[in-house]
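Student: I have the sequence and the coordinates open. Can we go through the fold by question and answer?

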Amino acid sequence: MADREIFNRKSLLSAIEGWYAGNLTELDAYRLKEQLRTSSESRQIFVEYGDLLASLEMNSCCENPEAVDSFLSSALLAEERANRRFLSWGVAVLAVLILALSPLVWILSKGNSSRHHFADGSEAQGSQGLGHKITIPVPPETPVRGATLVELTEQPQPWPDEIAGDGESSATQIPWAIGDSILTGQVFSLQGPSRYARLRLESGAVVILESPSEIRLLSTNAVELRSGRIVGMVPPEATGFLVFTEYGVVRDIGTEFAVCVHEQNMFVSVLSGLVECMPRAETTGEILATSVPLVSGEHLKLSNVPSEIVKTPRSHADLEGVVCYHRRIQTSGDVRFLAGRPPLAKKDAAEYQGAICLFEETKNIPVTWNPESQSLRFSKENVPPEMLSFWAEEVAPDHVAESLQNASEPITLHVDSYLVNLQSPDKRTIIRSGDIVFGREVIAVFRSEKTLSVTDWVSHDIEFPRSWKVVGPEARGSNEGNDNVVVQQDQISMELQASGAGDQMRIFVRSADSHSQSSGGRVKNQNN
Amino acid sequence: MIGGINEFRLFVSRVDPSSEWPTPVDTLKSQDSSNLTENAPAQQGVKEEEFIRLLMGSYRALYLYARTLVPDAVDAEECVQEASLHLWRRFDEFDRRENFSRWARGFVRKIVKNFHRKMRPSYLAFDDDLIDRLASVQGASQELLELRRERLSGCVERLSTRDRKLIRAYYEYGESVGALSRRLGVSEAAVYQALRRTRLMLFECVQRALDKDGEAH
């Protein structure tokens, strides 16, 4: 899901061509960047296309590299510089004219509202380039099936099989059962502690609610979040999925995102993809034509007092539970899961002192097992920069040995990367501990060059690059005896300390996308 | 060492369009001669020569590297020029056992990141992380890219006569879009569209050629 491609090959090439030509729209630029971030294949195409352009431009010189430095290119560059200077003078003159005339324009336009207001059922248009018209859906007089309840549980369980089992017992305590239909216009309320529900809308979009939450189904592709927290997962066919709250609107453009309504604010976190957010006016509830695009790892707060959108450096803490549930991650102790890219901003680090933050990082890193060389490799182009030269000789464990040894061709599986960050800004030693349970097999855990905790997937002879920046316990004084990391299949138990400097640990986990290829989280046949 | 005088000369020549654009070689050749005379000129000459040789040997690769990450050819050239200056200043730190091109690419990447921070419109700019990812793909795909370049000339030959003439006029002979539109009797937009279509055709042609090679093996 996270690796879903926004563009197909043809439209991707068109977007890349537009980027190089400088005429890509703002929306397509966001889409392109998002796809390049998440898809190694798209990055490869981008580089190949750029190289083709460069090769065409250098065509006359390719036989003779020295010609790059020719007098002709120098002269052309100088000419270009002159043209730019002329252009910049032109722009300056234009700017002066605009400044001189702007008071007149303002006076003429006074009396018209600076915002484009509209009522329910009417339309507004964003003003920052994305510009999609948003219509508040009015549920039809004759209700139709808008969604189906597909999962229900009382505890955040990381394993899908267990979720289905718990769902039956939960269903007896609330007036909904798995398989029930929710009609358009109907309210779905999930009360009580630590309950989660998964609804599949008729459009294909999936909504996960964490209790206490309440939504109203506006149409087959739109919900109103009245209170609580939800995660939306939107397949390409449901692009345009809308979440309305009292404070604003989120329009999906192919993504996974979390929304929380809390103390007269609305918090939005994009887990992957792109959304567009618009605030609503405090008094009238009208949608204001101020849209902000939000991409993977970004968060924002919408408030109607006054109506405004503020990009925030992190997700609101209340989103943690529902995001953990969605990601099949269970944390305890000091560990907290936050969607977003590290590192933390400095001002934020203070808020997190005393906690171990688990960041979701790079998704779907291909790991290839080569039966001939008996080696396991992370594909270079998709690995976090500091891991570029990672490789490991595999000592095949019992449960994978058979399938690996029978393989005649390289086998690839995908892993997700998570970064554990421990911060102690005030230079005192802090010791924190906790557990992380993934709904998937832990492939490897890396701490530093000298401190390596791994599962039996990866063993020894790790070659670390010089750029590896993890501060390991060996560099932190005499209390290193408190550092302890234990890995057991899908679970990591840890006790870590930090003083002054940040401490990090990188965890590679079998990708959720490849979960169907395994049995109970263990490798069964990776060659499917 | 490249010092204030030479940097000033570079600055002057950049803002004066009537002067020639200083190439890395020009810039380096314009060493502060008095400084050289006083301080071991022979050694300095050897160092200069070595640097120029290494730089020129890598210049094409560095340009291709920058061009992939920068949307405009002129800006890409400027990035490489700026990186060349930094390379010279830090040349003493270069470990002769290392690959110069790889060392230099790190500098180019930094300059490219700076360029993106100032890029307008800003929504086209890439963040550092994305640049790193693209750059690592570029660095890891050298052999493949070289193969693609080899196939490119064959694909240009396979274009229709009209498209081939257009591509050659624009890229090889440097004819502007305006001049082409006047000569061909079509609008400038039509020329841009034709160039765009032809580039995409070339890209797919190169891919097909490589796929065929793969099947043959």
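What follows is a set of questions and answers on a predicted model.

Student: How many helices and strands does chain A have?
Tutor: Chain A holds 528 residues, of which 43% count as buried. Its contacts with a separation of 6 or more are 60% between residues 24 or more positions apart. The secondary structure of chain A is eight helices and 27 strands.

Student: What is the secondary structure of chain B?
Tutor: Chain B has 217 residues, and 30% of them count as buried. From the N terminus on, its elements run α-α-α-α-α-α-α-α-α-α-α. The count for chain B is therefore eleven helices and zero strands, with helices taken as DSSP runs of at least four residues.

Student: Which residues does Cys79(B) touch?
Tutor: Leaving aside residues up to four places away in sequence, the residues touched by Cys79(B) are Ala66(B), Val70(B), Val108(B), Ile111(B), Val112(B) and Phe115(B).

Student: At what angle do helix α6 and helix α7 of chain B pack?
Tutor: Two packed helices are described by the angle between their axes and the distance between the axes. Here the helices cover residues 100–118 and residues 128–140 of chain B, and their axes are 10 Å apart. α6(B) passes α7(B) in a right-handed crossing. The angle between the two is about 145°.

Student: How many residues of the contact of α6(B) with α7(B) are charged?
Tutor: On the side of α6(B), the contact uses Arg105(B), Arg109(B), Val112(B), Lys113(B) and His116(B), and on the side of α7(B), Asp128(B), Ile131(B), Ala135(B) and Gly139(B). Three of the residues of this contact are nonpolar and two are polar. The number of charged residues is four.

Student: Where is Pro121(B)?
Tutor: Most peptide bonds are trans. A cis peptide bond joins Arg120(B) and Pro121(B), with omega about -5°. The place of Pro121(B) is the loop between α6 and α7 of chain B.

Student: How many residues of the contact of α3(A) with α11(B) are charged?
Tutor: Helix α3 (residues 40–57) of chain A and helix α11 (residues 188–216) of chain B pack at about 115°, with axes 11 Å apart. Tyr49(A), Leu52(A) and Leu53(A) in α3(A) meet Arg199(B), Leu202(B), Phe203(B) and Val206(B) in α11(B). Six of the contact residues are nonpolar and no residue is polar, while the number that are charged is one.

Student: Is Glu263(A) buried or exposed?
Tutor: Glu263(A) lies in the loop between β10 and β11 of chain A, and has a positive phi of about 45° although it is not a glycine. Because Glu263(A) has 7 C-beta neighbours inside 10 Å, it counts as exposed.

Student: And is Arg328(A) buried or exposed?
Tutor: Phi of Arg328(A) is also positive, near 60°, and Arg328(A) is found in the loop between α6 and β15 of chain A. Because Arg328(A) has 21 C-beta neighbours inside 10 Å, it counts as buried.

Technical notes
Residues numbered from 1 in each chain as written. Chains lettered and ligands numbered in written order. Predicted model: local features only at pLDDT ≥ 70, side-chain atom pairs only at ≥ 80, totals over all residues. Contact = placed C-beta atoms within 7 Å. Axes fitted to C-alpha atoms, helices over the stretch in contact; angles between N-to-C directions. Left-handed = near helix turned anticlockwise from the far one by under 90°. Nonpolar A, V, L, I, M, F, W, Y, C, P; charged D, E, K, R; others polar. Buried ≥ 20, exposed ≤ 12 C-beta atoms within 10 Å, placed from the backbone.
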